[in-house]
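The following exercises are to be worked with the sequence and the coordinates at hand. Each task is followed by a solution in steps.

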Amino acid sequence: MSILSKIGLVTVLFGVSSLCVNAVQEAPTDETLEKKMINDYNVYALPIPEYMEFAGEPVPLNEPDIRERLDRELLVNTYWQSNMLLMIKRAHKYFPVIEPLLKEHGLPDDFKYLAVAESGLDNVRSPAGAAGFWQFLSSTGKEYGLEINDYVDERYNLEMATEVAAEYLKKSKERFGSWTLAAAAYNAGNGGVNKQITRQKTDNDYYDLLLNDETSRYVFRILAFKEILSNPKKYGFNYRDKDLYKPVPTYKVKVTTPVDDFADFAKTHGINYKILKIHNPWLRDTFLKNASGKEYLIEIPEKGYYNTGQ
């Protein structure tokens with residue numbers, strides 16, 4: 001290649017690279033700002049569903065305040081894209097555990113969305129001390145038969161906590177005659193909801209009550225999660241099946257004796273301490289006293305899903 005050809009090629013490449021840099025770095029001017037905003041970034045108002053229900057109970061979307069409250073939660077959760085995408089991924093992993101338990105205990109399927117609103121389908125602990133997917137306080141958990149101490153906290157056992165949540169919500173339904181009010185009372189407490197019903201002299205209808213801001217938003221957050229998780233692509237969430245979190249198959253090992261060291265216990269079952277705790281977050285210490293000889297069921301992942309420890 002001649003020197004002139006080489007010079008020409010370098011000039012062209014330099015010109016192209018300059019254009020690319022300018023395309024990335026070019027700041028909008030007063031004349032181009034509006035056009036760039038329209039072309040580069042768009043936020044859309046969301047259509048309010050024409051009809052919605054919670055646990056078979058219609059939502060009165062013909063009322064303006066009801067529509068605005070639902071709109072708020074749809075907007076907040078749709079445009080908090082990273083969080084909502086996490087909920088979609090986690091739901092694929094945990095709904096198959098929650099759904100059959102709700103059905104077995106006679107609870108409407110829509111209550112799985114209450115768990116999303118409570119914890120984001122994560123074993124979190126609130127500043128008030130509520131814990132697990134269903135966010136039980138220690139006193140409530142113990143009242144319903146969960147073991148909660150320094151060594152075992154069954155609020156973190158998804159299956160057991162779901163069963164307790166079902167029983168708690170059924171009792172609230174018996175008291176108020178409404179699944180929607182039972183959901184609201186899960187947030188505000190049965191006493192708190194009953195106090196407002198008496199004070200405001202209303203029928204047992206959540207949508208007619210003036211409640212504190214958190215409980216006023218609570219059912220609408222559940223409704224928003226139901227709508228978005230049921231129609232993710234409608235709200236702009238795009239993913240492949242392989243992007244979703246998958247449950248890891250496990251089998252259960254019965255333990256009726258003390259466990260001196262869970263790190264050693266894990267190794268005897270072909271895993272490590274971390275994996276043992278991931279699948280059994282209700283085990284809260286490195287050992288288990290179990291002086292009473294109580295039977296515990298410890299989940300062990302099947303072989304082939306983790307490399308570590310196998």
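Two residues are in contact when heavy atoms of the two lie within 4.5 Å. The structure is a predicted model.

**Exercise 1. Describe the largest pocket by its volume, its lining and the elements that supply the lining.**

Step 1. The space in the largest pocket amounts to about 750 Å³. Its lining consists of 27 residues, of which L158, I278, H279, P281 and E299 are the closest to its centre.

Step 2. At least two lining residues are supplied by each of α4 (81-104), α7 (158-176), β3 (250-255), α12 (273-279) and β4 (296-301).

Step 3. Sorted by class, the lining comprises 14 nonpolar, five polar and eight charged residues.

**Exercise 2. Describe the second largest pocket in the corresponding terms.**

Step 1. Its volume is about 450 Å³. Among the 21 residues that line the second largest pocket, E118, Q135, Y186, N187 and E214 are the closest to its centre.

Step 2. The helices α5 (112-119), α8 (179-188) and α10 (213-230) each provide at least two residues of this lining. Of these, α10 gives the most, with five residues.

Step 3. The lining of the second largest pocket is made up of eleven nonpolar, five polar and five charged residues.

**Exercise 3. Is T250 buried, partly exposed or exposed, and which residues does T250 contact?**

Step 1. T250 is located in strand β3.

Step 2. The relative accessibility of T250 is 27%. Buried requires under 20% and exposed requires over 50%, so T250 counts as partly exposed.

Step 3. Beyond its neighbours within four places in sequence, T250 contacts H279, E299, I300, P301 and E302.

Step 4. T250 and E299 are 49 residues apart in sequence, yet their C-alpha atoms are 5.9 Å apart in space. Their side chains are joined by a polar contact of 3.1 Å.

**Exercise 4. Where does Y239 lie, and what does Y239 touch?**

Step 1. Y239 is found in the loop between α10 and β3.

Step 2. Y239 counts as partly exposed because its relative accessibility is 25%.

Step 3. Residues up to four places away in sequence are not counted; Y239 then touches L85, I88, P232, K233 and L244.

Step 4. The C-alpha atoms of Y239 and K89 are 9.3 Å apart, although 150 residues separate the two in sequence.

**Exercise 5. How many helices and strands does the protein have, and what share of its residues is buried?**

Step 1. The protein has twelve helices and four strands.

Step 2. Of its 310 residues, 42% are buried.

Step 3. Among contacts between residues at least 6 apart in sequence, 63% join residues at least 24 apart.

Notes:
Residues are numbered from 1 along each chain as its sequence is written. This is a predicted model: local features need pLDDT of at least 70, side-chain atom pairs count only at pLDDT 80 or more; totals for chains, interfaces and linings use all residues. Side-chain values use heavy atoms; hydrogens and water are left out. On a 1 Å grid over the protein atoms alone, a cavity is a set of points where a 1.4 Å probe fits but cannot get out, and a pocket is an open set with protein on both sides within 12 Å along at least five of seven lines; lining residues have an atom within 4 Å of a point. Grid points are joined across faces, edges and corners, and a volume is the space filled by probe spheres set on the points. Ala, Val, Leu, Ile, Met, Phe, Trp, Tyr, Cys and Pro count as nonpolar, Asp, Glu, Lys and Arg as charged, and the others, Gly among them, as polar. Buried means under 20% relative accessible area, exposed over 50%, partly exposed in between (1.4 Å probe, protein chains only). A polar contact is a pair of N or O atoms within 3.5 Å; within protein, one must be able to donate a hydrogen and the other to accept it, and residues adjacent in sequence count only if both atoms are side-chain atoms.
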